[in-house]
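This briefing covers helix packing, pockets and a cavity. Please keep the sequence and the 3D view open while reading.

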Amino acid sequence: MIDKNMSELDFGGHQMDWDKLRIFHAVADAGSLTHAGDTLHLSQSAVSRQVRALEESLNTTLFHRHARGLILTEQGELLFDATKSMNKRLEAASARIRDSEEEVFGELRVTTTTGFGTLWLAPRLPKLYELYPDLKIDLMLEERVLDLPMREADVAIRMKEPSQADLIRKRLMSVRMRLYASRSYLEEVGSFDNIEDVANHRLICQSPSSTQVAAGAAMVQHLLSYDVKSLLTVNNYFGVLQGVLNKLGVGVLPDYVTEDFPELVRILPDVESGEVPVFLAYPEELRQSKRISAFRDFVQDEIIAHRRKIRESAAS
């Protein structure tokens with residue numbers, strides 16, 4: 001097990017120094033003495049000596065040695081799991097130490113959905129970089145929910161309340177899926193009077209089987225019940241938007257896209273999905289992080305500005 005100070009590892013009654021564990025971890029991660037040596041700036045023979053010394057101290061074999069590289073034994077896998085966990089904790093501690101500085105700098109790994117990341121967040125990032133030019137943002141856009149406590153990302157913006165423990169979460173806003181067409185498309189085909197008219201146009205939407213919020217999937221299923229004859233499905237809203245802007249038909253899109261794409265016109269105002277909550281979340285251990293605070297405050301300010309513009313456009 002890993003002791004509280006992470007300075008030593010107790011493995012079957014043996015205690016080892018971190019240097020040997022660090023070298024073992026690099027070799028296990030690279031699957032090669034040579035590649036590990038390059039990473040650690042050590043010779044292959046020095047790396048090999050340290051690994052053999054570790055094996056001798058444990059009286060076990062950690063690697064099967066093959067011509068094509070090194071493969072972990074069962075005992076090696078067990079030790080590698082422990083060193084991976086230690087690395088995660090060391091990374092978290094390092095992040096907290098760096099964040100004790102007054103300046104906002106360093107890497108910030110942000111995860112959110114492809115649609116929200118490409119259509120709402122990315123276009124607003126220039127303002128964040130103006131405020132904090134030394135920030136390095138790694139934007140990870142995918143529907144899979146990354147594990148924040150295990151440091152797969154630092155902060156997440158998700159379309160549902162996170163269920164993982166040990167997270168600080170804040171509700172940012174609500175989103176609804178609505179029907180849109182491009183202004184030029186409507187000039188060609190005319191207006192929509194009722195929902196049955198959808199059957200006469202190509203519907204552009206996320207596939208009901210793709211990963212998406214339940215409210216959006218339910219709205220799509222409802223629209224498909226009107227015997228839609230032509231269909232284009234895309235696995236993210238960025239693709240749906242491109243189809244709508246290129247006059248392929250009418251599309252199901254989140255309402256946050258309207259501010260940045262004035263060519264979009266909402267059709268059938270009575271047709272919309274249920275409310276979808278948007279949450280920002282990050283691990284408890286990053287509570288004091290200057291980078292997290294800067295990003296959170298920036299997103300909240302942008303949402304306030306976004307709401308104000310929507311209200312002003314609705315009133316005009």
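Helices here are DSSP runs of H or I with at least four residues, numbered from the N terminus. The model is predicted.

**Second largest pocket**
- The volume of the second largest pocket is about 280 Å³.
- Its lining counts 20 residues. Thr113, Glu143, Met159, Gln212 and Val213 lie nearest the centre.
- By class, the lining of this pocket splits into nine nonpolar, eight polar and three charged residues.

**H5 against H9**
- H5 also packs on helix H9 (residues 237-245), at an angle of about 55° and with the axes 7 Å apart.
- H5 and H9 are therefore oblique to each other.
- From H5, the contact uses Gly115, Thr118 and Leu119. From H9, Tyr237, Phe238 and Leu241 take part.
- Four residues of the contact of H5 with H9 are nonpolar and two are polar, with no charged residue.

**Largest pocket**
- The largest pocket has a volume of about 370 Å³.
- Its lining is made of 19 residues. Nearest the centre are Arg178, Asp255, Thr258, His306 and Ile310.
- Four elements each supply at least two lining residues: strand S8 (167-175), strand S9 (177-182), strand S13 (264-266) and helix H10 (290-315).
- H10 provides the largest share of this lining, five residues.
- The lining of the largest pocket holds nine nonpolar, four polar and six charged residues.

**H1 against H3**
- Helix H1 (residues 18-30) packs on H3 with an angle of about 110° between them, and the axes are 9 Å apart.
- Angles of 65 to 115 degrees count as roughly perpendicular, so H1 is roughly perpendicular to H3.
- The crossing of H1 and H3 is left-handed.
- On the H1 side, the contact residues are Lys20, Ile23, Phe24 and Val27. On the H3 side, they are Val47, Gln50, Val51, Ala53 and Leu54.
- Seven nonpolar residues, one polar and one charged make up the contact of H1 with H3.

**H1 against H2**
- H1 also crosses helix H2 (residues 33-40), at roughly 125°, and the two axes come within 8 Å.
- That angle makes H1 oblique to H2.
- H1 and H2 cross in a right-handed sense.
- H1 brings Arg22, Ile23, Ala26, Val27 and Ala30 to this contact. H2 brings Leu33, His35, Ala36 and Leu40.
- By class, the contact of H1 with H2 has seven nonpolar residues, one polar and one charged.
- Ile23 and Val27 of H1 meet H3, and Ile23 and Val27 also meet H2.

**Cavity**
- How many cavities of 30 Å³ or more does the structure hold? There is one.
- The largest cavity has a volume of about 30 Å³.
- Leu33, Ser48, Val51, Phe63, Arg65 and Leu70 form its lining.
- Helix H3 (44-58) and strand S3 (63-66) are the elements that give two or more residues to this lining.
- The cavity lining comprises four nonpolar residues, one polar and one charged.
- Val51 lines the cavity and is also part of the contact of H3 with H1.
- Leu33 lines the cavity and is among the H2 residues that meet H1.

Technical notes:
Residues numbered from 1 in each chain as written. Predicted model: local features only at pLDDT ≥ 70, side-chain atom pairs only at ≥ 80, totals over all residues. Heavy atoms only, no water. 1 Å grid on protein atoms, 1.4 Å probe; cavity = no way out; pocket = protein on both sides within 12 Å on 5 of 7 lines; lining within 4 Å. Points joined across faces, edges and corners; volume = space filled by probe spheres on them. Nonpolar A, V, L, I, M, F, W, Y, C, P; charged D, E, K, R; others polar. Axes fitted to C-alpha atoms, helices over the stretch in contact; angles between N-to-C directions. Parallel < 35°, antiparallel > 145°, perpendicular 65-115°, else oblique. Left-handed = near helix turned anticlockwise from the far one by under 90°. Contact = heavy atoms within 4.5 Å.
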